[in-house]
Amino acid sequence: MAMELMKMPQLGESVTEGTISKWLVKPGDHVTKYDPLAEVMTDKVNAEVPSSFTGIIKELKADENQTLAVGEVICSIEVETAKTDNENAGQVSHSEEKVAAPVRDVQQAAEPSRKARYSPAVLKLSQEHGIDLSKVKGTGNEGRITRKDLLKLVESGNLPKADEPSAISDAAPEEIAPQVNRQTSPVTNVPTAAGDKEIPVTGIRKAIASNMLKSKHEIPHAWTMVEVDASNMVKLRDNLKSDFKQKEGYNLTYFAFFVKAVAQALTEFPELNSMWAGEKIVQKKEINISIAVATEDALFVPVIKNADEKSIKGIAREIQELASKVKSGKLKAEDMQGGTFTVNNTGSFGSVQSMGIINYPQAAILQVETIVKRPVVINDMIAVRDMVNLCLSLDHRVLDGLVCGRFLARVKEIIEKISKDNTPIY
């Protein structure tokens, strides 16, 4: 027998952690390769984690509803081999040696030099949050404190201060991580009274909160809005919707027109189809539109791949299919991956103005608000038109107001020029 460790996989682009929502095995169970071990939730998808080995489950390293970082061990498996007893004994010893080595490394790292040097980013974060770096145990090379270490502490709210003992300074990094990951914001003591209802935070709600917090912590958000006359679009869609539904079997929604307009504008302003990557900005070639789909207690962001190459009909079909997958619980990891820009249909619940939180690590998110009839002035005359607000949140590290203003103006122009003659549906 040889001991192998199963680790938390990365279940999507930019996913950094996952929550064990349900174990499908227990210690002593025999599993074969590719058998499902656990159901895992992230901010992007729910998925089963398959076994990479055939053998016996030795130990489960995490509890249900516990959140672990990508790469952390979730369970150990005794793997069956065809070797002789002597070889097996040697292999087990070697495997145990591999498992034990990180522990020794951690113990050595737990004694950092008092003359430690810190990077400018670490010093800046520690000063901003009043963190006593001498009470922090780093997970970097030779126990060095990294920016990621401090961000985890900030998210947990358990900040070691200069005038108080550190509850975590004597713990090894692998003991700290689960505590940090299970919290997404400082613990607040909220007084309760008779009749108050306490609702436990689910794993998926924790994952959503963690991703939103990461976006707000790391991305300097800016915001802008334009008002669009969607009267021509409303008229065209309303004239086509009955025949379209009868012919295609699904709805021709206003949202499909907006997604198509955004995809077209992104081909002309590729700066908005970018991501911040530290020392560089990555401008993505593919235009993959993430769309927000809400359930009663969660928010999912599936992706319409190569949206610029699809017709309005094709986009409408994908919106329908992805929304159905979310509501039926059949959304897969690959349905959530590769998004480069997000369009959120906040108008579906009556919103007229909102500021979206950017879908990390993208550079922008567009909120499409509800279409309402309003009096407007056209050629010095008052007319009733179907108006809609388009609200853009942007990463100010990547984008500036000028290019974003031009992008929104182009989306506005496309929507306002929609007509039967120049807007193909198929």
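This is a predicted model: local features need pLDDT of at least 70, side-chain atom pairs count only at pLDDT 80 or more; totals for chains, interfaces and linings use all residues.
Residues are numbered from 1 along each chain as its sequence is written, and side-chain values use heavy atoms, with hydrogens and water left out.

**Stop 1: helix α8**

Select residues 312–328, which form helix α8. Helices (H or I, at least four residues) and strands (E, at least two) are DSSP runs, numbered from the N terminus. The expected span of a helix is 1.5 Å times one less than its number of residues. For the 17 residues of α8 this gives 24 Å, and the end C-alpha atoms are 24 Å apart, which agrees.

Next, colour the buried residues of α8, among them Ile 312, Ile 315, Ile 319, Leu 322 and Val 326. Buried means under 20% relative accessible area, exposed over 50%, and partly exposed in between (1.4 Å probe, protein chains only). An α-helix has 3.6 residues a turn, so residues three or four places apart point the same way. The buried residues of α8 pack against α7 (254–268) and against the strands β12 (289–291), β13 (293–294), β14 (299–300) and β15 (303–304).

Now select Val 326, in helix α8. Val 326 counts as buried because its relative accessibility is 8%. Leaving out residues up to four places away in sequence, Val 326 touches Val 293, Thr 295, Phe 300, Pro 302 and Leu 331; contact means heavy atoms within 4.5 Å.

Show its side chain together with Lys 310: the two form a salt bridge, with the closest N and O atoms 3.3 Å apart. A salt bridge is a side-chain nitrogen of Lys or Arg within 4 Å of a carboxyl oxygen of Asp or Glu. After the helix comes Gly 329, whose phi is positive, near 75°.

**Stop 2: the nonpolar cores**

Select Leu 272, Ile 289, Phe 341, Leu 392 and Phe 407, the residues with the most contacts inside the largest nonpolar core, which has 63 residues. Such a core is a set of buried Ala, Val, Leu, Ile, Met, Phe, Trp, Tyr and Cys residues joined through side-chain atoms within 4.5 Å. The largest share of this core, 10 residues, comes from α7. Apart from it lies another core, of 19 residues, including Val 25, Val 49, Ile 57 and Cys 75.

Return to Leu 392 and display its surroundings. Beyond neighbours within four places in sequence, its contacts include Trp 223, Leu 272, Phe 341, Ile 365 and Phe 407.

**Stop 3: a buried charge**

Glu 72 is in the loop between β7 (67–69) and β8 (73–79).

**Stop 4**

The whole structure holds 16 salt bridges. Select Lys 412 and Glu 416, whose side chains meet in one of them (3.0 Å, N to O). These two residues are 4 residues apart in helix α9 (residues 401–416), and therefore separated by about one helical turn. A network of salt bridges that share partners joins Glu 268, Arg 410, Glu 413 and Lys 417. Elsewhere, Lys 61 and Glu 59 are paired by their side chains (3.0 Å, N to O).

**Stop 4: backbone features in loops**

Select Tyr 360 and Pro 361, which are joined by a cis peptide bond with omega about 5°. Pro 361 is in the loop between β16 (341–344) and β17 (364–368).

Tyr 34 has a positive phi of about 80° although it is not a glycine. Tyr 34 is found between β3 (30–31) and β4 (36–41), in a loop, and counts as exposed at 59% relative accessibility.

Finish at Asn 306, in the loop between β15 and α8. Its phi is also positive, near 50°, and Asn 306 is partly exposed, with a relative accessible area of 22%.
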